[in-house]
Amino acid sequence: MTHYAGLDVSVRTTSVCIVDEAGKVVRETRISTEPAAIVAVLTEAGILFHRIGLEAGPLSQWLFGALIEAGLPAICVETRHMKAALAAQVNKTDRNDARGIAQMMRVGLYRPVHVKTRSSQEKRTLLTSRKLLQDQIRVLENHIRGSLRTFGLKVGLTSAGGFESRVRELIETHPPLSMVMVPLLAARDTLRAQFAGLHRALLTHVRSDPICTRLMSVPGVGPIVALTFQATIDQPQRFARSKAVGAHLGLTPRHYSSGETDYVGRISKCGDAMLRSTLYEAAHTLLTHTRSWSSLKAWGVRIAARRGLPKATVAVARKLAVILHRMWVDGTEFRWGAAPSSV
């Protein structure tokens with residue numbers, strides 16, 4: 001007889017529920033959230049599983065990989081879809097959630113998500129850590145600027161390297177402020193040094209990666225955009241069509257149609273926010289800073305003339321996602337197109 005299992009995972013414990021083909025609960029238990037313990041519970045009775053479901057979350061990659069290595073048919077379920085499916089429960093408990101997940105696996109009412117490879121997660125960690133340090137440096141600088149402005153001391157426009165010397169110049173005759181600002185400047189120096197180290201590591205990886213090098217042949221696409229795209233997409237073959245990448249990243253409009261009501265709204269923003277924002281920045285750079293002519297830029301400029309720059313930037317970002325995916329799959333370079341001849 002075929003069985004199905006649901007895992008409700010938390011940081012310390014995991015609730016396990018096993019049901020048969022008729023939906024009858026065969027076993028329920030709660031164990032520590034460790035791959036070995038979960039695999040032992042699922043394999044000790046010699047039960048044949050058709051599907052084992054767990055919700056996408058911080059621990060899902062770790063547990064999913066262990067279940068797959070043990071030869072178990074694990075499925076990672078999309079978070080919003082699972083929340084909607086379990087919303088009908090009157091009492092929300094870990095035990096009931098595990099039961100609900102097991103029943104979802106039994107009836108096939110689930111939406112699986114792609115679990116990224118370890119290499120992709122490592123690249124993602126590098127990108128997010130670099131972004132965290134960059135944001136903290138900006139937070140410190142804004143705090144210093146705001147604090148000094150309270151006393152009429154204006155830092156003004158400075159370069160990144162000249163910020164510290166300007167602040168020290170302002171607080172030179174204010175010992176009480178020096179006592180506060182000097183430690184903040186020291187913390188900023190430390191953050192900048194660590195940020196520079198991560199940035200160098202990122203550039204080193206991108207230069208040695210042929211996929212990132214190829215993606216950077218697209219105007220507006222730099223090392224950050226290329227590596228973010230590679231880390232997010234992970235395996236380009238999981239998209240049957242390149243056009244699906246734009247929708248996956250939330251760069252396509254929402255569509256609502258019910259009865260007499262039918263309208264198209266703003267973009268869904270349902271995908272990866274980090275990649276979506278980097279593609280938007282790349283599209284803005286292409287439209288406003290890139291001087292070389294390309295058919296992509298000409299297309300975006302025509303949209304900007306009709307609909308405005310913000311909407312044109314979103315449209316170009318969506319087009320960039322499609323082009324980058326197709327270049328990755330086909331192994332081709334960016335096609336600039338033939339510039340129109342002047343008459």
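Tyr110 counts as partly exposed because its relative accessibility is 22%, where partly exposed is the band between buried (under 20% relative accessible area) and exposed (over 50%), using a 1.4 Å probe and protein chains only. This is a predicted model, where local features need pLDDT of at least 70 and side-chain atom pairs count only at pLDDT 80 or more, while totals for chains, interfaces and linings use all residues. Residues are numbered from 1 along each chain as its sequence is written, and side-chain values use heavy atoms, with hydrogens and water left out.

**Around Tyr110**

- Tyr110 sits in the loop between helix H4 (94-107) and H5; helices (H or I, at least four residues) and strands (E, at least two) are DSSP runs, numbered from the N terminus.
- Setting aside neighbours within four places in sequence, Tyr110 is in contact with Arg51, Ile75, Val77, His81, Met104 and Met105, contact being heavy atoms within 4.5 Å.
- From Tyr110 to Arg307 is 197 residues along the chain, and their C-alpha atoms are separated by 39 Å.

**The positive patch**

- Arg307 belongs to a surface patch of positive charge, together with Arg266, Lys269, Arg302, Arg306 and Lys311.
- Patches take residues with over 30% relative accessible area and no salt bridge, joining like charges within 9 Å and nonpolar side chains (Val, Leu, Ile, Met, Phe, Trp, Tyr) within 5 Å.
- For the charges, Lys and Arg count as positive and Asp and Glu as negative, with His and the chain ends not counted; each charge is placed at NZ of Lys, CZ of Arg, CG of Asp or CD of Glu.
- Helix H12 (residues 295-307) gives the most to this patch, with three residues.
- Lys311 is in helix H13 (residues 309-330), and its 46% relative accessibility makes it partly exposed.

**Salt bridges**

- There are 14 salt bridges in the structure, each a side-chain nitrogen of Lys or Arg within 4 Å of a carboxyl oxygen of Asp or Glu.
- Arg27 pairs up with Glu44 in one of them, with the closest N and O atoms 2.4 Å apart. Arg27 lies in strand E3 (residues 25-32) and Glu44 in the loop between helix H1 (35-43) and strand E4 (48-55), so the bridge ties together parts 17 residues apart in sequence.
- Arg27 is partly exposed at 32% relative accessibility, while Glu44 counts as exposed at 52%.
- Asp272 and Arg124 form another salt bridge, their closest N and O atoms being 2.8 Å apart. That pair links distant parts of the chain, 148 residues apart: Asp272 is in the loop between strand E7 (261-267) and helix H11 (273-288), and Arg124 is in helix H5 (residues 118-149).
- Both Asp272 and Arg124 are buried.
- Arg138 bridges to Asp135 with closest N and O atoms 3.2 Å apart. The two are three residues apart in helix H5, so about one helical turn separates them.
- Arg138 is partly exposed at 41% relative accessibility, and Asp135 is partly exposed too, with a relative accessible area of 24%.

- Arg130 is in helix H5 and touches Phe195, Leu198, His199, Leu202 and Ile224, not counting residues up to four places away in sequence.
- Thr278, in helix H11, counts as buried at 8% relative accessibility. Beyond four places in sequence, Thr278 touches Val225 and Thr228.

Technical notes
Accessible areas come from the Shrake-Rupley method with a 1.4 Å probe; for residues, only the protein chains shown count as cover.
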